[in-house]
Amino acid sequence: PDWTISRNRFWASPLPIWKSKEGKVMVVGSLDEIKKRVKKSGNAYFVMRHGEADTNVQEVLNSDPNAEVHLTEKGKKDVEASAKKFADEEFDLIVSSPFKRTHESAEIVAKTLGIPKEDIVLDKRFGEVDLGPNNGISLADWRRKFPVTIERFHTSPWGGENDTEVKQRMMAGLLDLEKNHTGKKILIISHGTPIWLLVAGTKGLSKEEALAIYGDDYPSKGAIRELPFAPIPVNGEYELDLHRPYTDSLVLLDDEGVEYTRIPEVVDCWVESGSMPFAEYHYPFENKEEFEKRAPGDFIAEYIAQTRTWFYYMHAMGVTLFDRLAFENVVVTGTIGAADGQKISKSKKNYTDPLELIDQYGSDAVRLYLMSSPIMQGEDLRFRDEDVRDAHNRVIGILWNTFKFFDLYQKEYDVKTEARTSTHVLDRWILARLDELIVAMTATMDAYD
């Protein structure tokens, strides 16, 4: 039957298909395309870290919005110089943290650019990180006690804020601006760490990705920079999440401005499994040459039931997308059943824990039993513990005794004898058997047997 790839579920990857009220369909193929098509306010955002303040010179941290912490003379000059560089932007609105050092920076920018003070909006959501009882701590002690690590995203400094909470309030403030204004140029004036986290939130970065940009992308004092923003699917911590319901909230627009909403269906999980040969390389966004060099695969291995599932779906995807098979050979095993022929079941406990067998007979005995059984030819196998024991006694035990015999006399070996040049009949015999094995193994491996 035809493969119907849509499913009416919630927990799966959403089909990247948006539909207009008129029934027109839009399929998106990348996050960049979502950013291009998503309905936006038309606002342009810029961010600025306040200029150098008293606390920066003293190398202490202060999270009290009422504290008398002011810009230094150098800080004032730096803010003015930055504002002059952005004179062409014609900001419509300045939104500032209510702290004195940020408010002073906002007033200098407004005066430099001829913006009325009344156009400065104070919003505590853009304020400094709440340090809790650590307010006034030295920068050195702060870095020692609370280094920038993954833990800071979920551990608050003894009653203060963690980095996730800071990012959430910063993004909430930005989204309110996106909701309440249209076509405006907006400057947000805040503090170093909050701006770093705001940038991470607008990009939907994971915690690891946010930490990766901390060193190189941490905002400089008094500097203004553009903050590109387009709504993307993010979860409650503003990390990229291409699942429902985050994708469902996005409205996309075509070139004529017609609105499209996502259809509710999700994709069958076999599409993802069938996409493995190219998806593992993040093709076509990365490693395109590497994928082309390796595709199609020489062989793939799984058990017999995958004939009608994974093997089939990989070919379905490969032929549809690339007009070629996904792999050239297949190695198939049978199905392991219990000793009585029933399906192995955790609830029935009708099998011995493999780790117990390994402890008793060794992993080589378990491997030998399986590799020499009909299961390697795609046939079913009734797994019996006594067969593992026999493999150990008949083969592994003999090999072990052979080694121990060698080990007993190896100190007398002069290390000079070359096995291949030996004329002793036993050496010639064992070398001949080894060569037979090499020929047989090479032939069967070449045949994917």
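Here are some questions and answers about the packing in this predicted model. Local features need pLDDT of at least 70 and side-chain atom pairs count only at pLDDT 80 or more, while totals for chains, interfaces and linings use all residues. Residues are numbered from 1 along each chain as its sequence is written, and side-chain values use heavy atoms, with hydrogens and water left out.

Me: Are α7 and α8 parallel or oblique to each other?
Reply: Helices here are DSSP runs (H or I, at least four residues), numbered from the N terminus. The angle between α7 and α8 is about 130°, on a scale from 0 to 180 degrees between N-to-C directions, with axes fitted to C-alpha atoms over the stretch in contact. Angles under 35 degrees count as roughly parallel, over 145 as roughly antiparallel, 65 to 115 as roughly perpendicular and the rest as oblique. The two helices, α7 and α8, are therefore oblique.

Me: Which residues of α14 are exposed?
Reply: Look at the buried ones to begin with: A365, V366 and Y369. They cover an arc of only 100° (from directions between the helix axis and the C-beta atoms), so they lie on the same side of α14. On the other side, the exposed residues are R367 and M371.

Note on methods: Buried means under 20% relative accessible area, exposed over 50%, partly exposed in between (1.4 Å probe, protein chains only).
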